[in-house]
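Please open the model in your viewer and keep the sequence beside it.

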Amino acid sequence: MISVVQNVAIDCADAYALARFWSEVTGHPVGPETAPGDHETQVLLPEGPVLYFNQVPEPKTVKNRIHLCLRPSSSREPEIDRLLELGATWVGDHRQPDGSGWAVLADPEGNEFCVLRSESDRAAMSH
C-alpha cells in the first residue's frame with residue numbers, strides 16, 4: 001500500500017490572487033470554477049500534484065518548512081528576472097561562480113521557493 005500526493009497546500013491571505021501569481025509562474029491555469037474572493041483555488045499542473053491555495057486568517061510568520069523548487073525550461077537567469085517582474089522578491093542567493101547553486105525567491109505573500117538551473121544550464125556545465 002502507498003499514498004499518492006494529491007496536492008501541495010499553500011496557506012495564504014488571498015487564495016485567488018496567489019493562485020493567479022503561480023498560474024503565471026507555471027504557465028498553467030487556475031481552476032476553471034474559481035473567481036476573485038474565493039477562499040480556495042487551485043493551479044492545475046499537467047504532471048504531479050495540484051497547487052492548492054487555502055485562505056487562512058493568520059499571516060505567514062516564519063520560514064517555510066517545505067517549499068517548491070522550480071527548474072525553468074529556459075536558462076535560470078532570465079527566469080529569475082521574469083519571476084521578479086511577476087511580483088516575486090529576492091530572499092537569498094546561493095548561486096556559485098561556476099554556475100551551480102540556486103536562487104531563493106518569495107511569492108507575493110512571502111512563501112519561499114527556489115529557482116534551480118535549467119537542464120540546458122546543467123548540460124552546458126558538464127561539457
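A disulfide is counted here when two cysteine sulfur atoms lie within 2.5 Å of each other. The model is a predicted one, in which local features need pLDDT of at least 70 and side-chain atom pairs count only at pLDDT 80 or more, while totals for chains, interfaces and linings use all residues. Residues are numbered from 1 along each chain as its sequence is written, and side-chain values use heavy atoms, with hydrogens and water left out.

Select Cys-69 and Cys-114 to begin. The sulfur of Cys-69 has its closest cysteine sulfur in Cys-114, at 4.2 Å, which is too far for a bond, and the count of disulfides comes to zero. For accessibility, buried means under 20% relative accessible area, exposed means over 50%, and partly exposed is in between, with a 1.4 Å probe and protein chains only. By these cut-offs Cys-69 is partly exposed at 45%, whereas Cys-114 is buried at 7%.

Helices (H or I, at least four residues) and strands (E, at least two) are DSSP runs numbered from the N terminus.

Now centre on Leu-83 and show its contacts, meaning heavy atoms within 4.5 Å. Neighbours within four places in sequence aside, Leu-83 is in contact with Phe-21, Val-25, Leu-70, Ala-88, Leu-105, Phe-113 and Val-115.

Finally, select the rings of Phe-21, Trp-22 and Phe-113, which form one aromatic cluster. Rings of Phe, Tyr and Trp (its six-membered ring) pair if their centres lie within 6.5 Å, and planes under 30 degrees apart count as stacked, over 60 as edge-to-face and the rest as tilted. The count comes to two aromatic pairs. Phe-21 and Trp-22 are edge-to-face, at 5.5 Å centre to centre with 90 degrees between the planes. The rings of Trp-22 and Phe-113 are also edge-to-face, because their planes stand at 70 degrees, with centres 4.9 Å apart. Since Trp-22 lies in helix 1 and Phe-113 in strand 7, this pair ties together parts that are 91 residues apart in sequence. Trp-22 is buried at 2% relative accessible area, and Phe-113 is buried at 1%.
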